[in-house]
Amino acid sequence: MANSKKYWKGLEQLDNQSDFVETSNNEFAEHLPVTEFLEDKENLEDASTTRRDFLKYLGFGVAAASLAACETPVTKAIPYLNKPEEVTPGEANYYASTYYDGSDYAPILVKTREGRPIFISGNKESALTKGAINARVNASVLSLYDGNRLKAPMMGGKETDWDTIDAAVAKDLKTAKNIKVLTSSIISPSAKSAIEQLVGGNTEEAVEGEEVVDNGSAHITYDSISYSGILEANNESFGKEVIPTYSFEKAKTIVSVGADFMGNWLDALQYVNDYAQTRKPDNKWMSKHFQFEASMSLSGTNADVRIPAKPSEYGAIISSLYGKLGGSGGAKTAYDKQIAAAAKELKASKGESIVVCGSNDKNVQVLVNAINEMLGNYGKTIDVKTTSNSKQGVDSRMAELVADMNAGKVDALLIDGVDPVYTMGDSFAKALKKVKTTVSFATKMNDTATACKYVCPSNHGLESWSDAMPVTGSYSLGQPTISPLFDTRQTEESLLKWAGNDLSYHDYIKKYWEENIFPQSGATFFGDFWNKTLHDGVVEVAAAETEEAETIVFSGDASKANSAVKKIKGGTLELELTQNMAVGAGVGADNPWLQEMPDPITKITWDNYATMNPSEMKEKGYNVYFGQEESMNVIAVTANNQKIQVPVVAQPGQARGTISVALGYGKVVGNMETPTGANAYPLVASTKSGVSYYADATIADVELDEAYHIACTQTQQTVMGRDSVVRETTLDVYKKGSKEDYNPAFTLLSGDTDEHGHQIKKELKEFDLWGDQPVKNIGHRWGMSIDMNTCTGCSACVTSCVAENNIAVIGKDEVRRGRIMHWMRIDRYYSSEHQPLGDVGGTHTATKEALDLNGISTYTAMENAADNPSVVHQPMMCQHCNHAGCETVCPVAATTHSNEGLNMMAYNRCIGTRYCANNCAYKVRRFNWFNYIAYHKFTEVNPSQDDLGRMVLNPDVVVRSRGVMEKCSLCVQRIQEGKLDAKKAGSKVEDGNIQTACSIACPTNAITFGDHNDEGSKLAEARNQDRAYRIIEEVGQDGNIYYQTKVRNLKA
Amino acid sequence: MHKEAAIREPLILGSPTYSDISNDVLHSIEHKPTKLWKVLMVIATIAALWGVGCILYLIGVGIGTWGLNNTVGWAWDITNFVWWVGIGHAGTLISAVLLLFRQKWRMAINRPAEAMTIFAVFMAGTFPMIHMGRIWMAYWVMPIPNQFGSLWVNFNSPLLWDVFAISTYLSVSLVFWYIGLIPDFGSIRDRATRPVQKLMYSLLSFGWTGNAKAWQRFEEVSLVLAGLATPLVFSVHSIVSMDFATSVIPGWHTTIFPPYFVAGAVFSGFAMVQTLMIIVRKAMRLEQYVTIKHIEYMNLVIIVTGSIVGVAYLTELFISAYSGVEYESYAFINRLSGPYWWSYAIMMTCNVVSPHLFWSKKLRTNLAFTFIMSIVVNIGMWFERFVIIVTSVHRDYLPSSWSMFYPTWVDIGVFIGTLGIFSVFYLLFLKYFPVLAFNEVKSILKSSGEQYKNMSDEEFKKLHPVFKKDIK
């Protein structure tokens, strides 16, 4: 019964209409009228879709289908098939290693993510450097991912493979008699031994720098920047050709004559932290630092007393000091008053002082040794037993080599770590042509490599094994943190191979250590010793006391040196060749991070220039101002019959009658089209007595067709008498006075009156419009304290921040337009004539007095720096204001305050009105004016535009897109990581466990990061100090970043 | 009918009849465009296209194509924005405030002034849009429900208040203007002979019948809208000024800004009306309706508002010195003596000194002089905004960040472009819209028309036996 119901499709079926029956019968017709259709020509011809149309539709259809099939490329994240034991995606691994580039040595800690090294910081375990690094060290991670690196060995200008080149080189070396290996100073004992294997000397003499063996083969050391004068002077004074080690932490008085010992002089990285320890005014004593110099150096900016002097007078100053300290025949100089003051301080701190000089003249250095001897500094602050190995090149030996090459006495020359065609110019290039077999180990094509027959590219330092003994008894190991990216091979391995040793260099080092270093270490098992050293990166091994048992005595002839020194004469215009913090001797010449790092003193990026005293420039009619559209004068500097063309810029404090030009620029690397800046090496005087970085020079104006612009990040030089921006005082006031004298709190008349009817002044916080933070003293409140006394301005924090936070490089033209993307900058202020050094009230009073006298024109005058200004370095980044101006004005709430006191940016939410940047009183916000990671203007400069360069990006930090605002996040990714680590460990976040990129990079620990709510933290301690203040606190933004008043060791 | 005292100067010269008025005003609509109009249109279109090109380039490449930098985050963009918004003040003030005050002279100028307002606000609105780094996200400033979770706009931000203030002002002004246009569109429709024209104007006129009831409603709606629009005249620029007043930047952070900005806006708005009307009355032969007296009235407004602006400038200067705040006083010293002193000097000369020349009756009734002055005032007012924005922010708290601003060709191109687009709109308005509110002008013909004023009582009575000539 269930199926008895009948459903009709319609009334037609019910009625059984005939047409319905017909169609229902034909519903599945077997016969298809194909033939009829095709035969009906008439019908077909009339059809709207002709054959041609059909083909068109077909074509369109195929094209459309294939277009639709073209999707955007799928980027795959492929999980490990077999997960390496030590790699956990998302977690960083840290490896201790060693950085050495021929001039800077630093034990380092390399952060790797998923196998890629992305960040370098100093190894705090090191007793030598205490973790100090400079910008060149931490920016070196970028050079690993440089597309300009050689990707395979080259023979005769063509790429080849290792087997071919090995065979060819081996064949050439077999017949060669005089094989010379030319390197930068080698501090690696294993590398030295590897070189010995090839040139066949004995290791005992390796320390000496050169060893002549019967077949004429030798290892020659050549430093781009020569310290031959000191080596030879010590040879004369102590019978040892060494560089001593200095203990700046013990020095109460420091007199430096032209030596930038905090920047680039000798082992600056080993001095800077020690020096900073003596600059803390709360300690028992604070060092007093005198600096005599021509150009403003980093050391000069930090000195208590800085006296501008011509380079030709350095000898006379030393001689005068020698005389004033009791030596006979001291010279007379224009600075005798200041020298006497320095001498007085030195006498008062005998055995606790250091006198250094930057001159490369042997006689001057002998006199310096004599002074230090008179002061009893040897064995106390200066050690000639524990010596530094970082500079071993002696000028005369290099001259000898060039002579030998010219005479055809060199059959094969193997060059590593130096670029003598660049640094010495034609004299070396010509000689090089006479050598039959030339091999370069350059990692990138450079002038020397181009001139060599074979180029056997070495690995980048982060791909190599290495060891180092920078100072007697201090060792460190370097381990690779990534497999070689290209078909390159470490120099030492090549040398070993050609010497017939088939050990890998790793095994070779291990063997060397087992045989030579392990026995001295006192450790029981080599395996443990090796593993521990590799883990720690550094190890101290007591040097075997052999010949050192005897005491070393000064035996130099001071009076002879003195009379030689007094003969030094200078011209009317002198040239000093310097190195800056970014490029050094040329290491940073092609590193975009370093080129974009503003020079700590001039704040100029991407250029080389001559610095000159502004008042002298005005006399000559040169432009002394900086700015986007300021046109600079370009001059031709002629010295030693060589001419270079550079812009001339104003440098307050530059000695009159001198100009300074930095070395290291104008270096052509790889397939770079035009190098940055001009190469000043040709101006270096090379005489029989050695290399000199001082020369008499002449300048001539150069007329250019176009205006020459400079990319300077700080165009206003002075602080305009603004006490609440920079607070500084003298040690006298600091010790004797109260906080009110040097760091007064801001008060306002309250409207309430006391019993006499006078208005009561109250502290600013009483007038706050804002309510208390709802989370005050709850949870964390992150912040920083920055000590302006120990900040040297070196700018290592700047590049560190760039590396950590994926900050875009924008190139010279955009920096010039005031658009540098750096989240962290170091403001450098010169004092003006209206800002007497030292006391806060004094500045204000003096400014006021000047205003009363001269009115508004004073302000204009205040914009100019004093002739020999005192200098303040002030690191500046987002202040993470609790009452932030930026947060209230954003229409879409893209920048907000976290409950941990951080001022946060939600890039995704930002629509780019730039209102926050305008309303930021500190001007720390950075806008993405262009699409820096794709726009063609930045292809040349921004490493993030190619796949290789992108490997250095920190995966924890997003790369910002065009049109959004960014700024310092206080390394929020590091804070989160630290909090998670603490959470996993089930403990509280411990003070000091979280470090920002800047605080970890700071060689002097001037930046203290921490939690304001943790009352026991170093930050809380610093914040509660009398020196602590906040910049423009009276505006009421309630920032989380504190600064410590700068204290100079001066009388009020 | 109310007839004015003879001592008042007539507002309509000559002896036009009602139909003369219609013919005069609608001449441009009913005839082919003149050569002058075509030439101006070509120039304006070129400028407009150039501007559009610059804007597209800006949006395509990035804000970096402007001359801004880390220190100066706003310059020509917001200067132009405030300048255009200011100009956009005169129209509503004339039509709304003067309506409430029953000022008959507004009849001849309210229509063109309102058109100017609306187009100026269009131009003004362009800048906050294109100055965004990510214009494609511009809709995020609207408090609309979204898929981003609980994301909402920040009601603390003056920039958000701007969004509300300007959009409200634009919509009210637009409605007010359109309502006023309806009777005139009706008249055009009735006169139109060509079918397309007839269709267009009948659509635009919303079926206006012109009967007494319609007129009565029209008057009432006008009055209500005038009441609504009046506070907006004052609120818009007050709120725009808060972009600066609520900030912490010395030179921006000033409580005087709201009234000072409103006065400045009226000042520049009237100057722009002068610039336009002096050309329009000549080119379209409307001298009978827009008389020297009208020009003079507007010049009087310019004296008053110019004086207010002058007082505001001096107050600002005094307070900065009196406050004892280092940064505040420096901000003004910098305006006077810093690298942008010349822009401050231009501002002071154009806005404070020059309007006082109008105290001379001879000068304020001189067309050529008025025309030059109107341009001077608008240059001055552009520089006022430039001074406030750029010279405040280019040297603020930390001297390390002090900087300069140099405009690029894109900055200049966008500004010229907005002048072009504005002119295109205005020329179209002149061609296709009734330039004067002629139906309203007719309403004052007998009270303020020259021929009626000069009539004797007998003549007047003869013409209009029902009305008495009021001779009070």
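View 1. Skip the neighbours within four places in sequence, and Met272(B) is in contact (C-beta atoms, placed from the backbone, within 7 Å) with Ile87(B), Ala90(B), Met116(B) and Asn378(B). This is a predicted model, where local features need pLDDT of at least 70, side-chain atom pairs count only at pLDDT 80 or more, and totals for chains, interfaces and linings use all residues. Residues are numbered from 1 along each chain as its sequence is written, and chains are lettered from A and ligands numbered from 1 in the order in which they are written. Met272(B) sits in helix α9 (residues 257–283) of chain B; helices here are DSSP runs of H or I, at least four residues, numbered from the N terminus. Met272(B) counts as buried (20 or more other C-beta atoms within 10 Å of its own) because it has 28 of them. Thr117(B) lies 155 residues away from Met272(B) in sequence, yet their C-alpha atoms are 9.7 Å apart.

**View 2. Where α4(B) meets α8(B).** Helix α4 (residues 90–100) and helix α8 (residues 212–245), both of chain B, pack at about 120 degrees with axes 8 Å apart. On α4(B), the contact residues include Thr92(B), Leu93(B) and Ala96(B); on α8(B), Ser222(B), Ala226(B) and Ala229(B) are among them.

**View 3. Leu367(A) in the largest nonpolar core.** That core (buried Ala, Val, Leu, Ile, Met, Phe, Trp, Tyr and Cys residues joined through C-beta atoms within 7 Å) has 419 residues, and Ile318(A), Leu367(A) and Val637(A) have the most contacts inside it. The biggest giver to this core is α9(B), with 15 residues. Beyond four places in sequence, the contacts of Leu367(A) include Ile318(A), Tyr322(A) and Val565(A).

Methods. Axes fitted to C-alpha atoms, helices over the stretch in contact; angles between N-to-C directions. Helix = DSSP H or I, 4+ residues; strand = E, 2+ residues; numbered from the N terminus. Contact = placed C-beta atoms within 7 Å. Buried ≥ 20, exposed ≤ 12 C-beta atoms within 10 Å, placed from the backbone.
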